[in-house]
Amino acid sequence: MMIINLLGLVLIGLIIWWFWLYKPAKAVDTRSENITIIVNDGIYQPSRIKVEAGKKTSLQFLRKDGSPCAATVLFPEFEISEELPLNTTRVVDLPSMSPGEYLFHCPMKMYSGTLIVD
Amino acid sequence: MNRLTEGTTRIKTQELIIEGAGCASCVGKIEIALNNINGVDSAEMNFALRTVSITGEVGADVLIKAIETIGYNARSTNDTSDDELLDEKEVADQHYYTSLMRKMWIALGLGVPLMIYSILGGPMTVETSLERGVWLFIGILCAAIMYFAGKHFYIGAWKSFVNHTANMDTLIALGTGTAWIYSMIVVFFPMALPEMARHVYFEATAMIIGLINLGLALEVKARGRTSEAIKRLIGLQVKTARVVRDQKEIDIAIDQVLLNDIVRVRPGEKIPVDGIVTQGHTSIDESMLTGEPMPVEKVENDEIVAGTLNKSGSILFKATRVGKDTALAQIINMVKRAQNSKPPIGRLADIISAYFVPVIMIISISSALIWLNFGPDPTVAFAVISATTVLIIACPCALGLATPMSVMVGVGKAAEAGVLIRNGEALQTASKITAMILDKTGTITEGAPKVTDILIADNTYTEKYILTAAASIESGSEHPLAQAIVDSAIEQDIDPENVSNFQAIAGHGVKAQFNGHQLLFGNQKLMLKNGVHLNGFVAKAQQLADEAKTPMYLAIDKKLTAIIAVSDPIKKDSVEAIKRLQASGIRVVMLTGDNGATAYAVAKKVGITEVFAEVLPEEKSNKVAELQAQGEIVGMTGDGINDAPALALANVGFAIGTGTDVAIESADITLMRGSLHGLADAIAVSKATLRNIKQNLFGAFIYNVAGVPFAAGLLYPIFGLMLNPVLAGAAMAFSSLTVVSNANRLRLFKPQEH
């Protein structure tokens, strides 16, 4: 019983670490790579994207998930909401941004990604 | 900044996606080929994205052809029209719906018979080897169902797990997975478990997958209805236009209409793009955009807008705004953007959502541990049921959907009434307004004043001379009252003459030389300042003012000559609309630059008791601040021209438009029709929407807060009640559907006009 309880507590600890404490470091840089953000299976792939500060940029999205939630991508800080047609690449234009981290997500925040501007 | 005009004009800049450009050297080739086309100002390729952006007045097909000639493929990116996008979306939604329904049938095909068997008392336990064999077979069948009907949950759960996030898929995958794995352990190693715990839960796995697929499918259908308003707006765009080219009228696709094209519209047809009438006259029904039921007469040089309906005459007009620049396209854009924005009330749900799933996982584990440690026998079975049920019943979706769905419907509903709401924040604040400042001219009144009285004080001058003098001095002024005097003179065939040394004195009037005389024209203050004796005329002016007219004094060579009274008629439904505002508990205040007597007379007629009169334009925002300092949440309504600072300072700025001029951008909410009913509608819609959001959020919170402990077995020690995982699955599947349906109720909302 002792072992099971310990296992349970360890599992809880792992959940806290995995979902909250762990900070992903990897981000894809649009300056060095040609990327299309795939919207499928509950995530944006890649979901951490680096772009240059102070310059207009654009991101290319390709939605493969039929669920209605995935159909719109929002960049709330910039008042951008763009509809993503199914299986068609869509370019979302972004204004020139000051350095910082900005979230982009679907209206319900089931899909979520980070835009790192530096 | 004018946000609506930020977007790139279709004709000026467009973007193409290039396919088959594998090397950096292609960039130069493609750019040169495009730059060589007549009409292309510049072409720049972004190699990283494989896109090229082209500036210039050239159609996409020409550009694509040029790229194909040098051996690459290209296609246009963002030029899918809203219409096509909508069609595609509907097809995609339908497809998604069908696939979910198919998955539901697969899962329920196994789940329902098993469920009935168990309800009828069939043993769900594993004791004999025959039972083991049968359950093993069912277990494998169940695994197949998990694959065919629930694959998307498991893949989604895994992908988000790897990405350090968790969502609804995670909960469903863990819940159904736990039930299945436990059941398989029962089948393979029954001896490892106490006899009472040798119970299988394959029916739960199958039923939950089936029910959740059903819930999602119904949600897709219900969601489709939430975007009805935007569909209606998009439906106003016509697909073709009849343009005059080379003296011939030809029908072309709407996206090929160029600026300055001459377009023909016949009776009963919709206006294809924005423009100015060049020939003919007609009446146009603008109700679909402005909510104004009366058709509007249009003659040469009048503006017409895309999407409105030509009723009576055949006209020719010159296209002034096409493609994404038309008022209709901008309205659609604005509504879409607002529909996806979130009012602050939704932020709490967002924060909760971010922690929700992992917290549920932790509760699930804790609950299992508590049952194992302190529960009655069979502890393992109770632990598994509680863990599974907690995972299944928790519904992050209901929370996530609560706000966006209502905003979607509410903003759309407002647009139907000719009210454009900038964003979710404006929507929320509008619902909380306690005081409303109404600008008098153009808001409560028509804004088109007319001369009503000329009282002559000095009989040396004829009425004609007086009007000539007044019109001449006022022809240089931009004041709306000045326009009334000039118009009145022109009506009597009097041409305004030139004046010299013209001087406008803010808040007083104007001063100039006319035919060798010195003219003073303005209010009492101007006269007193210049030492003009008013004798008994102050009382006469007062009398005019009491009749809601604005009296203006005219002095020639510092001697009072006449009083000219101008009156701006009150809009016919202002009284009703103001009553509606007051009935909803809002303190209505009138604001005007006019003198106190006129202002109070107008206020009295429309039933307003509080008036800020003789307010200089730059002081308007001070009055907003004054009310705010009294603790009021202030709405300010004006025509947006000299009200911009006050509109911006107010908690919610309402710009009252004339027709379809959506360029009024200093406002949070734009009323497309002139009637103040639009204002009352805007507030009514925002109140209804906020109430709806609160119901949704409350429902979603209560559901989770009550459901999770119940699922964990909190009621067991008292009532001996344990929630069945299948019921939890059904509850979860229908909780988000309930939220969407409740939001859909808003579609039935009707503002009370009378």
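Q: Hi! Setting aside neighbours within four places in sequence, what is A603(B) in contact with?
A: Hello! Beyond those sequence neighbours, A603(B) contacts M590(B), I608(B) and V611(B). Bear in mind that this is a predicted model.

Q: Good to know. Which helix is A603(B) in?
A: That residue belongs to helix α20 of chain B, which covers residues 596-606.

Q: And is A603(B) buried or exposed?
A: A603(B) counts as buried because its relative accessibility is 0%.

Q: How far is A603(B) from A548(B), C-alpha to C-alpha?
A: The two C-alpha atoms are separated by 8.7 Å, while the residues are 55 apart along the chain.

Q: Let's stay in chain B. What about A541(B), where is that one?
A: A541(B) sits in helix α18, residues 537-546 of chain B. With a relative accessibility of 4%, A541(B) is classed as buried.

Q: What does A541(B) touch, apart from residues up to four places away?
A: A541(B) touches P551(B), Y553(B) and I563(B). For Y553(B), the C-alpha separation from A541(B) is 8.6 Å, and the two are 12 residues apart along the chain.

Q: How is chain B divided into domains?
A: There are domain 1 (13-79), domain 2 (240-326), domain 3 (422-446 + 570-684) and domain 4 (450-567).

Q: How far apart are the C-alpha centres of domain 1 and domain 4 of chain B?
A: Those centres lie 64 Å apart.

Q: Now V52(B). Which strand holds it, and is it buried or exposed?
A: V52(B) is in strand β3 of chain B, residues 51-56. Its relative accessibility is 0%, so V52(B) counts as buried.

Q: What surrounds V52(B), not counting residues up to four places away?
A: V52(B) touches Q14(B), E15(B), L16(B), I18(B), L34(B), A43(B), E44(B) and M45(B).

Q: Which residue does K620(B) pair with?
A: K620(B) meets D439(B) in a salt bridge, at 3.2 Å from N to O. K620(B) is in helix α21 (residues 620-629) and D439(B) in strand β15 (residues 435-439), so this pair ties together parts that are 181 residues apart in sequence. K620(B) and D439(B) are both buried.

Q: And what about R587(B) and E610(B)?
A: Those two also form a salt bridge, with the closest N and O atoms 2.7 Å apart. R587(B) lies in strand β22 (residues 587-591) and E610(B) in strand β23 (residues 610-612), so the link joins parts 23 residues apart in sequence. R587(B) counts as partly exposed at 23% relative accessibility, and E610(B) does too at 28%.

Q: Which residues are joined into one network by salt bridges that share partners?
A: R242(B), E249(B), D251(B) and R264(B) are joined that way.

Q: On to chain A. Which residues form the nonpolar surface patch?
A: The patch is made of M2(A), I3(A), L6(A), L7(A), V10(A), L11(A), L14(A), I16(A), W17(A), L21(A) and Y22(A). Together they have about 1100 Å² of accessible area.

Q: Where is L11(A) placed?
A: L11(A) is in helix α1 of chain A, residues 2-21. Its relative accessible area is 42%, so L11(A) is partly exposed.

Q: What does T72(A) contact, leaving aside neighbours within four places?
A: T72(A) contacts Y44(A), S81(A), E82(A), E83(A), H105(A), C106(A), P107(A) and N340(B). T72(A) lies in strand β6 (residues 72-75) of chain A and counts as buried at 10% relative accessibility.

Q: Last one: which residues of chain B does UniProt list as "transmembrane region"?
A: The unreviewed UniProt entry gives several stretches, including 133-150 and 171-193. In the model, residues 133-150 of chain B are 100% helix, with end C-alpha atoms 24 Å apart. Residues 171-193 of chain B are 78% helix and 0% strand, and their end C-alpha atoms are 26 Å apart.

Notes
Residues are numbered from 1 along each chain as its sequence is written. Chains are lettered from A and ligands numbered from 1 in the order in which they are written. This is a predicted model: local features need pLDDT of at least 70, side-chain atom pairs count only at pLDDT 80 or more; totals for chains, interfaces and linings use all residues. Side-chain values use heavy atoms; hydrogens and water are left out. UniProt positions are given in the numbering used here, feature names are shortened, and annotations may be inferred rather than shown by experiment. Helices (H or I, at least four residues) and strands (E, at least two) are DSSP runs, numbered from the N terminus. Buried means under 20% relative accessible area, exposed over 50%, partly exposed in between (1.4 Å probe, protein chains only). Contact means heavy atoms within 4.5 Å. Patches are made of residues with over 30% relative accessible area and no salt bridge: like charges are joined within 9 Å, nonpolar side chains (Val, Leu, Ile, Met, Phe, Trp, Tyr) within 5 Å. Accessible areas come from the Shrake-Rupley method with a 1.4 Å probe; for residues, only the protein chains shown count as cover. A salt bridge is a side-chain nitrogen of Lys or Arg within 4 Å of a carboxyl oxygen of Asp or Glu. Domain bounds come from an automatic or database domain assignment.
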